[in-house]
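Dear colleague,

Please find below the structure that I am handing over to you.

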Amino acid sequence: MLAQEEGSGDGAEATENPLPLLLGTADGSLRAVNVGEGKAEALWSCDSLHQGPVTCVAVLNAAEGLVVCASSGGGEDGSLAVVDSGEGVEMGRLGKGSLPPAGVTALSVARDASRVLVAGGASVVLLDGNQGRQLAAADVKGPSAQGGALLAALSSDGLRAAVVARGATEVAVFEVKQGGTRRKPTEELKPSAPLEFGLAVEGLELLGDAERGYFLAALGAGGVCKVVRLEGEGQESRSWEIGL
């Protein structure tokens, strides 16, 4: 599910107007509900987007009101659905035939929507957020892939990625390496040294960018959050814990 904040209006208007909530359903549909004070109102339903349950929803382009959702269906259902969150209309597909065959359990979008990271099974795929084609793919190996469904995080500039199985303690870190030529550019998800967090990871976020630095935050069961500042090649330089 995903709460969509109002894109305009002053504070009073934002308080008075209900906030639409996007809900992915078990039958592969996406539904919007207005959540107000003590009431809920159905706005629209975009049905049959996927063959399996919708596992995750993310904002693709806030300015245009586009969201993207994924499913654990896998197989021939291997694509992301792009939906106009204002009208509830499907606008297109991303990554058709390029997603993890086991289906998608996590996705994360760069700030400018140029890249979308998806993860499922023991695979992670980087997609072009505009054309939908696959830019790079990698396997998640070792302890990082052992546990529950994969969690994934992409930095705001789309140049760092992190993946971990829910409940695992080691996080796989990737650097997006760009190469090739101007006519035929290439990208690679190059693995860095994995990070041992020492807690069973239940949530994952990758903050910052190349200018400000990268910070990997993992939320563990029991209300402990550990934050690690990444240096070059994904190496840890400093870490601290936050009790919640």
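Strand S18 contributes the most to the lining of the largest pocket, namely five residues. Please note that the model is predicted.

The largest pocket holds about 370 Å³ of space. Its lining comprises 18 residues, and those closest to the centre of the pocket are Leu-107, Ala-152, Ala-153, Leu-204 and Glu-205. Two or more lining residues come from each of strand S9 (106-109), strand S13 (150-154) and strand S18 (201-209).

A hairpin of three residues connects S18 to S19. These two strands run antiparallel and are joined by eight bridges; Leu-207, for example, has Phe-215 in S19 as its bridge partner.

Is strand S19 (residues 213-220) mostly covered or mostly uncovered? Strand S19 is mostly covered, with six of its eight residues buried.

S19 also pairs with strand S20 (residues 224-230), again in an antiparallel arrangement, through seven bridges. Here the bridge partner of Leu-219 is Cys-225 in S20. S19 and S20 form a hairpin with three residues between them, and Gly-222 in that turn has a positive phi of about 100°.

In short, S19 is joined by bridges to S18 and to S20, while S18 gives five residues to the pocket lining.

Yours sincerely

Methods
Residues numbered from 1 in each chain as written. Predicted model: local features only at pLDDT ≥ 70, side-chain atom pairs only at ≥ 80, totals over all residues. Heavy atoms only, no water. 1 Å grid on protein atoms, 1.4 Å probe; cavity = no way out; pocket = protein on both sides within 12 Å on 5 of 7 lines; lining within 4 Å. Points joined across faces, edges and corners; volume = space filled by probe spheres on them. Helix = DSSP H or I, 4+ residues; strand = E, 2+ residues; numbered from the N terminus. Buried < 20%, exposed > 50% of the residue type's maximum accessible area, 1.4 Å probe, protein only. Pairing = 2+ DSSP bridges.
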